[in-house]
Amino acid sequence: MEMIAGDVHAHGYGWAGVWSAVASLIFLWSMVQQYLPAQLEEYLTALTRRLQAAITPYVTISIDEHVPDSFGRSEAYLAAEAYLSATCASGARRLRADLAADSDRMSVAVDDHEEVVDEFRGAKLWWRKTKTLPRGNVISWSAHEEERRTYCLTFHQRHRGLVDALYLPHVLAEGRAATVRNRQRRLFTNNPSSDWSGYDARVWSHVKLEHPSTFATLGMDPDKKRDIIDDLEMFRDGKDYYASVGKAWKRGYLLFGPPGTGKSTMIAAMAKYLDYDVYDLELTSVKNNTELRRLFIETKGKSIIVVEDIDCSIDLTGKRKKKKKKSSKKKSKSGDKRKKVPPAPGGGKDEENKVTLSGLLNFIDGLWSACGGERIIVFTTNHKEKLDPALIRRGRMDVHIEMSYCCFESFKVLAKNYLHVADHELFHEIQQLLGEVNMTPADVAENLMPKSKKKDVDTSLARLVKALKEAKEEALAKALAGAEEKEETEDDDEEDDTSSSEEEENGKNKKLYLPAKWEE
Ligand SMILES: Nc1ncnc2c1ncn2[C@@H]1O[C@H](COP(=O)(O)OP(=O)(O)OP(=O)(O)O)[C@@H](O)[C@H]1O
Ligand SMILES: [Mg+2]
């Protein structure tokens with residue numbers, strides 16, 4: 001907190017006359033100020049302060065809105081403002097309402113020249129918000145040079161120790177907490193490094209995070225869901241615990257499973273539950289480890305840093321994957337998402353332009369990853385087996401969560417969300433079919449979604465039953481065809497290991513609707 005201590009002026013009960021005289025003087029002073037040369041003004045201000053110090057036992061600490069060498073508003077000022085709005089604004093007669101950036105909520109703060117009183121451990125403290133108008137002959141280039149606002153905290157000098165040691169830290173902590181409570185959650189994405197310099201340099205861009213997903217709407221096994229929520233709560237409230245065991249206050253989650261099983265949905269639910277921001281890190285547009293570090297340093301606490309499809313962003317040797325040619329097109333058609341890596345600028349300089357595995361490991365648990373704390377790192381993948389064990393070992397990715405095909409419990413959550421039904425005569429059949437067929441929650445949800453404004457539960461559930469039966473037949477046909485083909489190949493050429501392993505791999509990708517009982 002940037003504090004400028006030293007103003008001392010008369011204050012308190014029984015001083016009403018003096019106070020109103022001082023108020024008139026201040027008013028006159030601000031009028032006169034505009035026409036005074038700067039040196040004379042400086043001299044008169046210093047003289048007034050010395051006079052005040054001689055006659056009153058009151059101390060004033062001022063907190064300026066803007067501090068030198070900083071573009072934004074001072075953190076101390078913002079904390080004081082949030083603290084006063086949350087705790088003492090009700091005592092003020094004049095307030096100022098404003099729509100905070102990226103927020104739908106009006107925030108109310110004490111208005112200029114308004115005074116509020118606070119009490120802390122028996123000490124009385126007066127807060128006054130002052131505004132200095134611009135000097136008439138100065139042309140200002142930025143908005144904050146035009147008007148300078150300051151919070152002045154006045155108290156008796158016998159409370160000096162209390163204010164320094166306890167009250168100011170209390171204001172800072174409460175103010176920060178109130179800011180977090182009022183803030184709008186944001187979704188950040190990293191800008192290409194070509195945008196990182198210049199007047200409007202920004203490493204991350206953001207939009208409002210408005211994803212409607214919550215843990216209540218997320219279809220998954222209730223026990224597993226409870227475990228995840230408990231783990232998140234332990235993390236959120238575990239600042240002291242992490243400090244006591246000497247661990248940086250961060251936690252890694254690996255979400256793995258086939259496409260459409262709710263990995264991204266789960267991240268949105270986590271952010272909502274914890275009220276954290278989300279940083280969606282697009283690794284393929286990060287040129288090297290230095291850029292990766294810079295991106296991390298520019299994230300704030302209380303956030304979830306997400307790298308989606310981690311296996312497509314970096315390969316096991318640590319180099320970023322190069323653009324695939326024809327084969328990648330084929331794969332993306334079959335649902336296996338391969339992100340296209342933009343060609344490295346300068347063509348042949350690929351070696352210098354790379355994010356390596358060690359860079360990524362540093363990103364997760366390097367020394368500087370502890371800066372600020374309270375960060376969750378989430379990796380998602382469709383292929384856990386492709387990831388380097390070093391990347392996903394406990395301590396880096398502390399919790400591994402498998403998002404799997406829709407089970408009956410997940411279906412019940414989806415049915416409640418989409419159709420508002422908790423039970424139905426078709427539920428039994430659906431339960432049986434879900435035991436036999438692998439269908440993603442995304443597909444189940446699509447079938448449940450009413451196709452007209454008139455929500456017809458029977459039609460939606462019947463559509464799902466039909467889709468499940470079709471999937472079962474399709475899987476059966478595929479399994480039979482696969483078995484026949486396998487027999488033929490075994491007869492023809494028993495030694496051709498490579499082609500059979502390729503087929504196995506393809507078979508895995510097609511497993512989407514394979515009945516669970518035939519998996520072996
Ligand atoms: N478990 C689930 N509960 C509720 N809805 C789900 C669930 N899984 C998927 N959905 C629905 O399916 C859609 C796709 O899910 P989502 O994007 O979370 O899948 P994903 O696992 O991230 O897939 P990908 O691997 O392709 O990124 C979501 O918009 C959501 O409506
Ligand atoms: Mg996803």
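Predicted model: local features only at pLDDT ≥ 70, side-chain atom pairs only at ≥ 80, totals over all residues.
Residues are numbered from 1 along each chain as its sequence is written, and chains are lettered from A and ligands numbered from 1 in the order in which they are written.

**Figure 1. The protein chain as a whole.** Here we have 18 helices and 14 strands; these are DSSP runs numbered from the N terminus, with helices being H or I over at least four residues and strands being E over at least two. Of the 520 residues, 24% count as buried. Buried is the label for a residue with 20 or more other C-beta atoms within 10 Å of its own, exposed is for 12 or fewer, and partly exposed is for anything in between, with C-beta atoms placed from the backbone. Take the contacts between residues at least 6 apart in sequence: 74% of them join residues at least 24 apart. Two residues are in contact if their C-beta atoms, placed from the backbone, lie within 7 Å.

**Figure 2. Around ligand 1.** The shell here has 17 residues, and P259, G262, T265, P441 and A442 come nearest. A residue is near a molecule if its C-beta atom, placed from the backbone, lies within 6 Å of it. Helices α8 (263-274), α14 (408-419) and α16 (441-448) each give two or more residues to this shell. Sorted by class, the shell has 8 nonpolar, 8 polar and 1 charged residues. Nonpolar means Ala, Val, Leu, Ile, Met, Phe, Trp, Tyr, Cys and Pro; charged means Asp, Glu, Lys and Arg; the others, Gly among them, are polar. Where does ligand 1 sit relative to the domains? Both domain 2 (186-402) and domain 3 (408-518) supply shell residues, so ligand 1 lies between them. The domain bounds come from an automatic or database domain assignment.

**Figure 3. The nonpolar cores.** A nonpolar core is a set of buried Ala, Val, Leu, Ile, Met, Phe, Trp, Tyr and Cys residues joined through C-beta atoms within 7 Å. The largest one has 42 residues, and L255, I267, V278, I304, V306 and V378 touch the most other members. Helix α8 is the top contributor to this core, giving 6 residues. Zoom in on V378 and, leaving aside its neighbours within four places in sequence, you'll see contacts with Y253, L255, I267, I304 and V306. A second, separate core has 21 residues, including I61, A80, V163 and Y167.

Figure 4. An α-helix has 3.6 residues a turn, so residues three or four places apart point the same way.

Figure 5. Most residues other than glycine have a negative phi. K302 counts as partly exposed because it has 18 C-beta neighbours inside 10 Å. D309, also not a glycine, has a positive phi of about 45°. It lies in the loop between β12 and α10 (310-313), and its 19 C-beta neighbours inside 10 Å make D309 partly exposed.

**Figure 6. The loop around H113.** H113 belongs to the loop between β4 (106-110) and β5 (115-120). With 13 C-beta neighbours inside 10 Å, H113 is partly exposed. Although 17 residues separate H113 and T130 in sequence, their C-alpha atoms are 4.9 Å apart. Apart from neighbours within four places in sequence, H113 is in contact with K129, T130 and K131.

**Figure 7. The loop around P450.** P450 sits in the loop between α16 and α17 (457-492). It is partly exposed, with 14 other C-beta atoms within 10 Å. P450 and S460 are 10 residues apart along the chain, with 6.1 Å between their C-alpha atoms.
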